[in-house]
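This report describes how parts of one model pack against each other. Please look at the sequence and the structure before reading on.

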Amino acid sequence: MAIAQSRSQSKSGVNWRAIWLPIAVALVVIFFLAPVLWQVLTSVKVNEDISAVPTVYFPTRYTLAHYASLFTRRPFGLYILNSAFVSITSTLLCLTLGAPAAYVLARLRLVGKEVILAIVLIVTLFPTVLLFLGLLEIVQATNLANNFLALIVPYTAINLPLTILVMRSFFQQLPKDLEDSARVDGYNTVQMLWQILLPMTLPALVTTGILTFIAAWNEFIFALTFISQENMKTIPVATAQLSGASVFEIPYGPIAAATILGTLPLILLVLFFQRKIVQGLTAGAVKG
Amino acid sequence: MKLDVVQKREQKTGWVLLLPALIVLLVVYAYPILRAFWLSVFTQNLGTELEQVFSGLSNYGRMFSDGRFWQSLWNTTVFTTSSVLLELILGIGVALVLNQAFKGRGIVRTITLIPWALPTAVMGVAWAWIFNDQYGVVNDILRRLGLIETGISWLGNPTLAMIAVILADVWKTTPFIALLLLAGLQSIPGDLYEAHSLDGATPWQSFWKITIPLLMPQIIVSLLFRFAQAFAIFDLIQVMTGGGPGGATETVSIYIYSTVMRYLDFGYGSALIVVTFLILVIAVAIASFLLTRARANAAGVR
Amino acid sequence: MLLKVSLRNATRRVSTNFVLHLFKIMAKLELKNLNKTYAPKVIPVKDVSLTVDDGEFLTLLGPSGCGKSTTLRMIAGLDAPTRGHIYLGEEEITYKRPGDRNMAMVFQSYALYPHMTVGENLASGLKLKKVSRADIERRVAEVSKLLGLEELMNRKPGQLSGGQRQRVAVGRALVRQAQVFLLDEPLSNLDALLRERVRADLKRIFAAQKAPVVYVTHDQTEAMTLSSKVALLNDGYLQQLDSPDRIYNHPANKFVAGFVGSPQMNLLTLPCKGRSAMLGDFQIPLPDLPTVPPEIILGIRPENVSIAQPGDTSFVRGRVNVVENLGMNYLVSTRIESHNAPTQIVRALLPTDRRWNEEEEIALSLPLQHLHWFDVQSGDALIGRQMAGVRS
């Protein structure tokens, strides 16, 4: 696939820009959107069209049977609920633990603060695949297999570093006078955090929450390893395992439908919160 | 450093607020790594009937002569290097496009974000379908263009499978890099370009003399993140190829996973984890060093 | 017994409870040898001792970096002193938490809680102290009436003007009925016109209550007009603690003399010969001193310098250097040249009835009763018997 790179930065190349830019934009859009659109298309094509050669790009007939089959043959609704439950819970837990920690690292003069900050930063780079063995042992030892807790706690941990880094930079931007005033008024640290500072960082909390939610929803390896019970599976695992329904019949239609349904919440999130997501990403990463 | 009363109070409050997060982090991150170090000097597999038998450095010795390990390391290197390079180039391109002002820029940015937001595993399945030998879109397009006669078995061919996997990964993570670089681009003052063009420079020259050097910190940060992620890629490959065909796309993490989950070889798996961890640490250290140097350079250029 | 508070055209009767409350909790604030050291070379407050009694309004005045804000923060409890003690009444509060000191503070940036309405901002401190709902409502109503905040009660700080926000900040402090009021440059963020009006309002408001007030500013006009006592600080040390009057007319050292008063006092380093100081070729009689130093610093305010009249014993002659038109007067700076001494410049505030040209010859009278003398080494004021007619 050829991608044109638009390098026209000078003010004098007006003509070039008018030609190259639309092409580049179109290519970018096609590149990123195509796979998703293809799945959308596949999910509403009838089986004959799906397995038609050459490929049918503009089907004449449509069907919702694949979507329906998700709910009749498998507990897809349950999968969505599972993912939602785990994602929301771990997000809330992450914010609850991460915001106070971020405040401490932003404002209080703690002995060993640099060390802790360094730890938080480094941990961002750990691949989760290195952790699954140790965690598997813990899960087996504490009998937490097929318990959502086995997912919630790791997800919280995975998202804590980003939460702490983003919230920390927000706290640092708050005016210091506000905290002095609160102290003189009689607020202790916890009251001040809860009643005064956190309400002011609501946008940051929303941003971080969204990022955390997406990461938790998309997580695969832990969900694959720790949950084996069918009706407790999360979307990524369930969708990936749809393909193993039978050796000869691979249900491409339902798989496509599952892809779309299972990612709809995320697509909606991105649609509505695009700006915040980008802000949060760059804030977290640039600070590294 | 002697602390006064106010500072002592801060210490106490600080630690109390910090502790819960710290504990969770330590349990989930520190414990498994330490445990891996510990377990790596034991042998615990089906051979020992899952009992832990102390075996010193034998696991590491085994790794030296383990062809599959070196193969997976090679695969991982190929995958990582290709992915990251491609993503960097494409990322810069996309960032440059997004840096231009045009109507609908917000929508395009949203579209750019979508691949990043979707679950890798789910899209892995989608990509497998796209590269399907009989019904896949890629083959269809190639056929229509007259480049091939019959469908290529992408995922059945070692080299092609690697290409397919790399492509899928590039699709998924270019947005992340593009957005990071976009932030960097937007922080470069426009008058630098104006001054440069007044000196007679073409946009191409400006790109290499101004954009790239000033973007270097962001580039290295993105490289760092992506390297760490690509090195440990699991979801995508597991779902698309499972490491096949014949181990052609088996990366280190896939190997570790199957060593543990399928062969139940915990001791050896721990050793593999330790080695992977150390490689990562070294790479991060090198990158951080380069990063500080690049940051200093960028400051000098400005 | 009732306290009548007169404000604008309204006369209010304050309830007995309010009054009794006032008398019950008033106390004297005392600082003893306060020192704040951050690092061997960073010592913003070196040694400060002072007291503020009931009814007193003390201003901590000084240039940036003199330690006034740090001292205020130590009084509030936001920073702990490295050495020294703070007493409120009988109690030592040096290390007490800020919230437990029963002090209220107004910040330069006002520090209003942005997500709370004006009403909630005013009530926040009281809610924390678990004051009863009825009491909170009553006090908030009183204060908002006093400061004219009634229409703003449901607005958020972001919707208010600078002046309105400042009033809310003051109101939030008043509502606390604290034992001590602390204000950190509360007028700095207001524009000049508003500043004058608010200054007058602040004076009225705090005169109407008895709790000691500690006010920090670098603006001497605020210090002089608002306070009953001024503490002038420089480089972490207290230079002089006195009423504004005495600070102005009897500065304890060269720094105080030069800091207070605008235009700045003339401070001239002069050699001494016999019983006179030599300003150029002219002799200025020295006061009675135990020993006559080789050099001395003469201070005289420009407004006390006038055109010499025949018969003046203390005068100098020179040429006009620069004339600045201040509207109400001319600030005429005069060069006093001499063959064996460096040129001195004397500035005088002269009435506008006579215009002056550069290089014009001019004779200036330096009345003995307005002369200040300072030691060259220490900068301290030298006290000596002046000529008759001096108010001491």
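Helix H4 (residues 76–107) of chain A packs against helix H1 (residues 5–39) of chain B at an angle of about 130 degrees, and their axes are 8 Å apart. Axes are lines fitted to C-alpha atoms, for helices over the stretch in contact, and angles run from 0 to 180 degrees between N-to-C directions. Helices are DSSP runs (H or I, at least four residues), numbered from the N terminus. That angle makes H4(A) oblique to H1(B); angles under 35 degrees count as roughly parallel, over 145 as roughly antiparallel, 65 to 115 as roughly perpendicular and the rest as oblique.

On the H4(A) side the contact includes A:Leu97 and A:Tyr103, and on the H1(B) side it includes B:Leu17 and B:Val24. Residues are in contact if their C-beta atoms, placed from the backbone, lie within 7 Å.

## Basis of the model

This is a predicted model: local features need pLDDT of at least 70, side-chain atom pairs count only at pLDDT 80 or more, and totals for chains, interfaces and linings use all residues. Residues are numbered from 1 along each chain as its sequence is written, while chains are lettered from A and ligands numbered from 1 in the order in which they are written.

## Contact between chains A and C

Chain A brings 14 residues to this contact and chain C brings 17 residues. H8(A) gives the most to the chain A side, with seven residues.

## Domains of chain A

Chain A has domain 1 (14–63) and domain 2 (73–286), with bounds from an automatic or database domain assignment. Their C-alpha centres lie 32 Å apart. Seven residues of domain 1 are in contact with six residues of domain 2.

Methods:
Helix = DSSP H or I, 4+ residues; strand = E, 2+ residues; numbered from the N terminus. Contact = placed C-beta atoms within 7 Å.
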